[in-house]
Amino acid sequence: MPSIALKSEKHLLIDGLIIWIYSCPEEAKAKKRSNFKNKPFIIKYTKIGKLLLSVINDREMSSALGINVNKFFIYTFTFGCLLGCLGGAVSAPMISVVPGIGVEVIVLAFAVVVTGGLGSVTGAAIGALFIGLARTIAIFYAPQLELFIVFFVMAIILSFKPEGLFGSKEVRKI
């Protein structure tokens, strides 16, 4: 039976593991809001989702059908920035924020997207699971190999499937 003690107003002590109370409600809210079942529904069956797919797949045809493509790109980019800022604001108190923190995030994001396959949201999610699991195991058993293991997993997956896990081979128009 684990021993649970309220150490102070700010954290719990569970069998020697400190859990900050700040993170508990935030994680519960994030899990409640971001279940993966709703995302494909929103993109495939709502008006905004259909517009987004239309603009992504064929910019010229969407423009010909009367969609203001530039305005739609600006709104989509602004929404993505808003989500990024919100994620940073929520996670900043739990991690150490230093001036070079963006480099680590960009490297991991690159590895996740390439592993999952370019243009595939499902691939990015599965790639994030693979990279995150491998990185966690590496940090636990061999911390000095943390960054190496990320690129090692990416190299292994790309050696068997060069387009990524869920990427598709397509001929590019020039």
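Contact here means heavy atoms within 4.5 Å. By that rule, leucine 51 touches Ile67 and Phe72, with residues up to four places away in sequence not counted.

This is a predicted model, so residues are numbered from 1 along each chain as its sequence is written, local features need pLDDT of at least 70, side-chain atom pairs count only at pLDDT 80 or more, and totals for chains, interfaces and linings use all residues. Side-chain values use heavy atoms, with hydrogens and water left out.

Start with the whole chain. Eight helices and three strands make it up. Helices (H or I, at least four residues) and strands (E, at least two) are DSSP runs, numbered from the N terminus. From the N terminus on, the order is β-β-β-α-α-α-α-α-α-α-α. The chain has 174 residues, and 17% of them count as buried. Buried means under 20% relative accessible area, exposed means over 50%, and partly exposed lies in between (1.4 Å probe, protein chains only). The accessible surface comes to about 13700 Å², and carbon and sulfur atoms hold 70% of that. Those areas come from the Shrake-Rupley method with a 1.4 Å probe; for residues, only the protein chains shown count as cover. Now take the contacts with a separation of 6 or more. Residues 24 or more positions apart account for 38% of them.

Go back to leucine 51. It lies in helix H3. Its relative accessibility is 25%, so leucine 51 counts as partly exposed. Setting aside neighbours within four places in sequence, serine 54 is in contact with Ser62 and Ile67.

Valine 69 leads on to helix H5. H3 covers residues 47–57 and H5 covers residues 69–91; their axes come within 11 Å and cross at roughly 115°. Axes are lines fitted to C-alpha atoms, for helices over the stretch in contact, and angles run from 0 to 180 degrees between N-to-C directions. H3 and H5 are therefore roughly perpendicular to each other. The cut-offs are these: under 35 degrees is roughly parallel, over 145 roughly antiparallel, 65 to 115 roughly perpendicular, and the rest oblique. The crossing of H3 and H5 is left-handed. A crossing is left-handed if the near helix is turned anticlockwise from the far one by less than a right angle, and right-handed if clockwise. Ile48, Leu51, Leu52 and Val55 in H3 meet Val69, Phe72, Phe73 and Thr76 in H5. By class, that contact has seven nonpolar residues, one polar and no charged. Ala, Val, Leu, Ile, Met, Phe, Trp, Tyr, Cys and Pro count as nonpolar, Asp, Glu, Lys and Arg as charged, and the others, Gly among them, as polar.

Next comes helix H6. The axes of H6 (residues 101–116) and H8 (residues 146–160) come within 9 Å and cross at roughly 20°. H6 and H8 are therefore roughly parallel to each other. Their crossing is left-handed. H6 brings Glu104, Val107, Leu108, Phe110, Ala111, Val114 and Thr115; H8 brings Glu146, Leu147, Val150, Phe151, Met154, Ile157 and Leu158. These residues divide into eleven nonpolar, one polar and two charged.

H6 also meets helix H7 (residues 121–141), where the axes come within 7 Å and cross at roughly 120°. That makes H6 oblique to H7. H6 passes H7 in a right-handed crossing. Glu104, Leu108, Ala111, Val112, Thr115 and Gly116 of H6 meet Gly123, Ala124, Gly127, Ala128, Ile131 and Arg135 of H7. The contact of H6 with H7 has six nonpolar, four polar and two charged residues.
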